[in-house]
Amino acid sequence: MTTNDAPLYEVRNISKSYGSVVALDGVSLSVRAGEVIGLVGDNGAGKSTLVKALSGAHQPDTGEILLDGEARRWKSPHNALEAGIETLYQDSSLAPDLSVSSNVFLGREIPSRGILGKLGFLAQKQMDNEAHADLERVGIAVPASNRPVSQLSGGQRQAVAIGRAVSWARKVIILDEPTNHLGARQAKEVLEVIRAAKAKGLGVIFISHTLPHILEVTDRIVVLRLGKVVCDAPTSDFNVDTLLGTITGLITTAPAE
Amino acid sequence: MAILGIATTELTQTVAPVPPRNRRIKDLLLNQQTILFLVLVAMVVVFTVLDPIFFSVGVFGNILLDWGPIILIAIAETFVVISGGIDLSVGANLGFSGVIAAYAMKSLIAAGIDDATTIFLGLLVAAATGMFVGYVNALLINRAKLVPFIATLATLGAAGGMSIVLTGGAPIGEGPESAIALSVPWLGPLSWPGIVVVVIVIIAGLYLHKSRFGRYTYAIGSNSFAALAAGINVKLHLTRIYLLSGLLSGLAGMFLYIRLGSGAPTSGTGNELVAIAAVVIGGVALAGGVGRMSGVVIGSLILAVVPSGLIIIGIEPNWKQVVIAFLIAAAVSLQALRTSSTRRSK
Ligand SMILES: Nc1ncnc2c1ncn2[C@@H]1O[C@H](COP(=O)(O)OP(=O)(O)O)[C@@H](O)[C@H]1O
Ligand SMILES: [Mg+2]
């Protein structure tokens, strides 16, 4: 898939404080269609806070959000979801007591046909079948989509969360440490999912502490330190050592672009 | 294709394909609904053996009349607790709505309005009063950011106190005289209000388990951030739940008015604990996200059978508190047992 030059999704000069803690301090970042951005930084650098601003879960104190060049404001995650932006949060975005399919369709339930649907009743069978098909299409074989998520292993839960995000995303997909809880082989499979999303023309923002994964799958890397972007450069400019140095602050000059 | 082979690889290791037979029997026996139903049947059998009069349409009719207001506020509590909250105001709200409706009906009768119209308008007043208290709960929780326990404790005090202040503690009568007659059973042990309650139970169960409203209720109680992240308007849904809780408390107030022929300010006092007991005995988790309406129905029936049963077999009725306390303890420890045997941590 070709990488378009105009940014698909962009934030400019975003700031966010929790009381006296400045979590984000004038952060700008953009992703193009068919591009994978790696977002890295130490714990507490502000990555998850940035994700929540991008997904509408938090309102930034200042700054602009642009989708397809148009200024947008997310009052809640609902607005961002409707605009085609899907997010996998670092802490589980699943409701453990609900079934796999109820989670996949959460907030987007299919109503029953006819009068029952108008009264608020749901087409559960249809959702079970479609959730199963959706997860299989992404490559996730979950046995019974009516099983509660609480009965799945950590890896399976993560698979359901990734599958849900991938199958609903229309423009942008944001993955906050999606390889947590996963073994080495499963993490490789998540990287394949990211490549598939890129091939579909989605903009991908991928957060991970596993630097080889970042180097392997991203086109560009944005490094956050203490709430500020300290480096934004093509992935080809980095190796593990220079990337680690940039994250920890041992290397202060950005690599040449 | 298997891009994410996660599930396929892990499943073969962690999930047994079909539980063996004795495992399934154990699951069934540990199933709270099954146990509850057996407890209910056992109670009826024991009371009947001790005094055959217990097994009669007359006694069952009375039990169902006792059950009416209990199940209405227990349904309210079911939605609230599954959403991760608690509503301590249901009992006080029941009494308050009954009193306000009683004043309204007293004025209407004094103005020469006929009984049927008066009862209908009284029903609307009780419902509106209940929903008003529910709305205040929602405002305190969503706007003032109080936890549900504190918010509804405040409205419990306010509604209970206002009922006493308004009435001076005395029941308000002089309403429609034919109201009491409505409570007479005519369909086996069922009276008109009883039939209405049964219909409400069925509709509430369908909405809890089959509708978007119920789905959001479970989602919020299970993980409210996940619900928000999925695009659900969590505050709006909680407002609807506390409005529903208020509405059902108001209807319970009217039910009791019809039964007693007056609105007594203290008629709901302590009933919030009975409702919470019914919900907990019925298998609803106080942490939210878990529970079934069928369990709550049986739990509330057990609570309605205990006092009548104790009276029939000649035991001092105050023992009922002790029996209920025992049932709650048993239900909660059973829940803990089940959780540790079948569920992983949240
Ligand atoms: N809900 C919150 N309340 C207060 N402080 C928070 C909250 N969330 C994050 N922070 C603080 O904001 C900073 C950035 O955190 P976070 O965005 O989670 O970083 P990262 O995801 O890069 O590890 C940290 O100092 C963290 O302690
Ligand atoms: Mg984080």
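A: Happy to! Let's start with the helix that gives the shell around ligand 1 its largest share: helix H1 of chain A supplies 3 residues. Helices (H or I, at least four residues) and strands (E, at least two) are DSSP runs, numbered from the N terminus. Before going on, note that this is a predicted model, where local features need pLDDT of at least 70 and side-chain atom pairs count only at pLDDT 80 or more, while totals for chains, interfaces and linings use all residues. Residues are numbered from 1 along each chain as its sequence is written, chains are lettered from A and ligands numbered from 1 in the order in which they are written, and side-chain values use heavy atoms, with hydrogens and water left out.

Now the shell itself. A residue is near a molecule if one of its heavy atoms lies within 4 Å of it. Ligand 1 is surrounded by A:Tyr18, A:Val21 and A:Ala23, then by the run A:Asp42, A:Asn43, A:Gly44, A:Ala45, A:Gly46, A:Lys47, A:Ser48 and A:Thr49. Both H1(A), residues 47-55, and strand E2(A) supply at least two residues of this shell.

Some of these residues make polar contacts, meaning a pair of N or O atoms within 3.5 Å. A backbone N or O atom of A:Lys47 lies 2.8 Å from an oxygen atom of ligand 1. For A:Ser48, a polar side-chain atom lies 2.8 Å from a ligand oxygen.

H1(A) is mostly covered, with 7 of its 9 residues buried; buried means under 20% relative accessible area, exposed over 50%, and partly exposed in between (1.4 Å probe, protein chains only). The buried residues are A:Lys47, A:Thr49, A:Leu50, A:Val51, A:Ala53, A:Leu54 and A:Ser55. Just after H1(A), A:Gly56 takes a positive phi of about 85°.

E2(A), residues 21-31, pairs with E1(A), residues 9-18, in the antiparallel sense over 7 bridges; two strands pair if DSSP finds at least two bridges between them. A:Tyr9 stands opposite A:Val31 in E2(A). The hairpin of E1(A) and E2(A) has 2 residues between the strands, and A:Gly19 there takes a positive phi near 60°. E1(A) also pairs with strand E4(A), residues 62-67, in the antiparallel sense over 5 bridges, where the partner of A:Glu10 is A:Leu66.

Other strands of chain A are worth a look too. Strand E3(A), residues 36-40, pairs with E9(A) in the parallel sense over 4 bridges, and A:Gly38 has A:Ile221 as its bridge partner. E9(A), residues 220-225, is mostly covered, as 5 of its 6 residues are buried. E9(A) and E10(A) form a hairpin with 2 residues between them, and A:Leu226 in the turn has a positive phi of about 45°.

Methods:
A polar contact is a pair of N or O atoms within 3.5 Å; within protein, one must be able to donate a hydrogen and the other to accept it, and residues adjacent in sequence count only if both atoms are side-chain atoms.
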